[in-house]
Amino acid sequence: MWFNKSQDEVLKELDVDLSSGLSEAEVQTRREKYGENKLQEGKKKTLVQLFFSQLNDALIYVLLGAAVVTLIVGEYADSVIILAVVFLNATIGVVQEAKAEKAIEALNKLTTPRSLVRRDGETKEINSTQIVPGDVVILDAGRYVPADIRLTTSSNLQIEESALTGESVPSSKFYDKVFTEENIPVGDRTNMAFMSTLVTYGRGEGVVVGTGMETIVGNIAKSLNEETDDMTPLQKRMDELGKTLGKLALGITILMFIIGFLQGRDLLDMLLTSISLAVAAIPEGLPAIVAIVLALGVTRMSKINAIVKKLPAVETLGSVNIICSDKTGTLTQNKMTVLKYYIYDELVEVDIREESHEAKDEASEELIKSFVLCSDATANEKESTGDPTEIALIVLGNKHGMTKDEMNRLYPRVDEKPFDSDRKLMSTLNEENDGYRVHTKGAIDNILKISSSILINGEVKPLTEEMRKTILDKSIEMSNEALRVLGVAYKDAEEKIDPEEMEKDLTVIGFVAMIDPPRLEVKDSIASAHMAGITSIMITGDHKNTAVAIAKELGIADDIGQAMTGAEIDELSDEEFAEKINNYRVFARVSPDHKVKIVKAFKKQGNIVSMTGDGVNDAPSLKHADIGVAMGITGTDVSKGAADMILTDDNFTTIVAAIEEGRNIYNNIKKAVIFLLSCNLGEIVAIFVSVLFSFAIPLLPTQILWVNLVTDTLPAISLGVDPGDPDVMKKEPRDPKESFFARGAGIRAIIGGLLIGSLTLLAFAIGLEERGSSLFESADAPEDVLIYARTMAFVVLATSQLFYSLTMRSETKSIFQVGFFKNKYLLLSIIAGTGLQFGLISIPFLAEAFKVIALPLNDWLIVFGLSLLPLLANEIIKIFMRAYRKKNNLPL
């Protein structure tokens with residue numbers, strides 16, 4: 001391992017001279033050997049593969065089977081229509097997945113890091129993909145580390161490694177350290193710099209020891225390129241439904257043959273009748289409708305900053321009951337912020353929302369001025385560079401009208417004593433008042449050790465032991481609140497002094513207390529999630545106390561007893577951990593392996609888990625979660641590749657909004673499914689009863705296909721885009737094992753189907769009676785009489801289903817409670833469906849094709865009257881359901 005080797009051993013093994021670097025010829029040779037310095041992506045499916053993957057569905061198989069049968073018996077129009085539906089469904093899925101991939105590629109192209117290297121004795125800036133093992137790389141603040149590097153020099157070098165470790169505080173690096181242990185955590189390998197991490201302070205040089213897939217990042221990426229075939233809850237439900245409908249169609253066909261054989265009917269007639277029933281049993285438009293609803297849902301979610309990579313993932317969000325979230329940047333703002341500052345015996349709160357204001361008094365002004373002058377960072381409204389802690393100090397200065405540029409102009413820096421991790425101090429010497437002033441910042445206990453006086457109310461007074469204790473006690477109090485404390489002091493000098501003399505006999509001003517604060521909107525989102533039965537879990541590489549402090553403020557945890565560290569997780573077996581997992585809300589100091597273990601433990605308890613993160617260290621757990629959510633702005637390419645959904649605003653609130661959208665999408669799909677199955681059951685009832693009692697068949701296969709693909713489809717799609725239920729987040733998450741027919745939906749489908757079927761038969765009987773025949777004599781009725789009666793049945797079947805769609809918008813609320821005009825698409829689809837039905841029987845060539853005839857006005861009144869009955873019946877049932885739920889304190 002490279003961190004176990006000395007600098008000389010590394011240079012010898014890689015055959016490189018530090019002073020000149022590699023030659024261009026050697027670079028070319030090594031590039032041919034090692035390849036480009038980039039991560040390999042998992043194999044992408046071709047358009048053909050994507051298309052056929054959309055066909056891998058039980059319901060699609062049933063439709064293809066129906067298309068083959070209709071082709072065999074010569075019903076070519078039916079075959080073409082069914083195949084068109086299958087093609088449309090597959091095309092929608094392919095287009096949506098391709099769109100998501102393009103969105104992800106666009107996100108990945110937002111940044112193309114470049115690197116400084118030494119080659120042929122010259123320093124050059126090159127594209128990071130061109131780096132090879134043995135390259136000498138120069139690191140400075142603001143640059144991304146382009147590969148895994150063994151450091152050869154370092155000067156106060158600090159690297160932000162949260163992409164790998166999850167720890168928000170930058171890691172200090174030391175080139176001269178050599179480790180003897182072979183298995184030490186990545187975050188503790190202080191003589192190394194790793195690909196995809198960011199230099200925040202200081203400078204350094206190093207030799208590239210690993211590129212592309214041979215880096216720490218690459219090793220994680222390898223595990224992510226493995227395919228997983230877990231089906232989402234919706235896919236499982238649709239698969240089960242497809243198998244059920246397939247068995248039903250087959251069972252009906254066999255039963256019809258048996259009945260026909262016993263009744264002595266013509267076998268060819270029975271085959272056509274069986275096809276009619278099979279067509280009636282299968283909702284041909286359902287796969288396309290589900291795909292369209294999901295695609296529209298994905299489009300809506302993109303408008304709330306959530307890009308979904310695969311259609312079914314939208315619905316899975318609706319089942320989520322555990323949100324595991326990375327802390328830094330997702331729950332917090334990912335920027336250190338000064339919340340308070342202390343000047344002797346007074347703690348001042350900083351309003352982080354207020355843009356600017358003047359310093360409270362002279363002592364406050366001196367404290368802020370010293371911090372600004374003793375910092376190397378820069379920060380303005382557009383961008384910031386440097387150490388996150390120093391950026392927080394510059395922002396504090398900006399708020400109080402003391403900008404970095406203005407302070408440097410008024411008080412030029414003439415010398416400095418850089419930060420040292422042993423001293424934990426930094427000092428600068430600035431011109432001031434015809435003399436010089438030293439400004440020193442660092443650990444408050446070290447500041448107090450080198451100070452002999454204190455600034456109180458603008459006066460310098462001797463620093464007593466009692467004062468020291470008061471200041472230290474206050475700083476400990478701040479630390480216990482997980483705030484990072486930084487002290488500041490100064491010293492005036494008439495002449496320029498050496499760095500060795502700077503940090504002696506200083507005057508203490510006070511200290512600041514800072515933290516990476518929670519996002520302002522996240523607390524409300526967590527409360528909203530909690531109300532919806534969703535538990536929020538914080539997972540972070542930060543220390544336990546810091547994590548718990550943020551968790552308590554956000555309402556995730558109540559006390560430190562709900563927190564567990566990675567080391568404590570290691571002490572438990574997988575079974576023990578899974579048993580205890582529900583008792584914890586915060587997991588601190590965790591590694592990538594721990595994150596996967598946490599996700600698996602929650603899933604083992606039957607939860608549907610969403611995992612969010614932005615770093616490479618989050619990627620394996622994103623892959624294992626039911627829904628992996630990556631950050632679009634700060635997220636690494638690896639985490640985006642592993643995720644199911646990408647947040648373009650890196651905001652936890654968007655996750656909660658996406659879950660709400662997911663719940664509404666599932667509810668809408670369920671409405672469409674139950675509506676279509678009610679309609680199809682009505683068709684089965686009408687035909688089955690007719691065959692059973694030797695009546696004439698009231699509906700022809702082409703008429704049933706028209707209803708299934710035209711009249712039903714428009715309202716079904718409209719139900720799929722129904723406005724969201726405003727109370728959806730007040731309910732518990734849906735059980736992922738729950739079928740479409742749970743909570744009385746199956747009973748409602750049966751009642752609706754029986755009513756529609758019975759009324760269709762009644763309309764058929766009325767039509768026969770009007771033409772001098774009867775239902776029991778219909779088998780021998782003349783063709784013109786059957787055409788008229790079938791027209792009556794056909795219109796009732798179509799229009800009763802159109803009207804029935806109105807009552808499907810809610811299981812319990814009436815059509816007026818949900819808002820009659822709120823779903824304008826549904827009203828338009830009912831009008832359009834009725835118009836199409838009228839046109840079909842009124843336009844001669846269409847009427848001839850579908851074997852129907854125009855109806856007089858009085859018959860239109862009869863069919864519309866019959867068609868309204870299923871709607872009225874369901875609305876009456878809802879009255880009793882509302883009374884029952886109210887009595888038992890159940891949500892409506």
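Author: Two strands pair if DSSP finds at least two bridges between them. Helices (H or I, at least four residues) and strands (E, at least two) are DSSP runs, numbered from the N terminus. This is a predicted model: local features need pLDDT of at least 70, side-chain atom pairs count only at pLDDT 80 or more, and totals for chains, interfaces and linings use all residues. Residues are numbered from 1 along each chain as its sequence is written, and side-chain values use heavy atoms, without hydrogens and water.

Reader: In what sense do strands E24 and E25 pair?

Author: Strands of a sheet pair through backbone hydrogen bonds, either parallel or antiparallel. Here E24 (residues 609–613) and E25 (residues 627–631) pair in the parallel sense, over four bridges. Gly613 has Ala630 in E25 as its bridge partner.

Reader: What is the strand order of the open sheet of eight strands?

Author: The order is E8-E26-E25-E24-E9-E21-E23-E22, with mixed pairing. The edge strands, E8 (306–308) and E22 (563–565), each pair on one side only.

Reader: Which helix lies across E8, E9, E21, E24, E25 and E26?

Author: Contact means heavy atoms within 4.5 Å. Axes are lines fitted to C-alpha atoms, for helices over the stretch in contact; angles run from 0 to 180 degrees between N-to-C directions. Helix H26 (residues 652–692) lies across those strands, at about 160 degrees to E9.

Reader: Is helix H30 largely enclosed or exposed?

Author: Buried means under 20% relative accessible area, exposed over 50%, partly exposed in between (1.4 Å probe, protein chains only). In H30, 22 of the 25 residues are buried, so the helix is largely enclosed by the rest of the structure.
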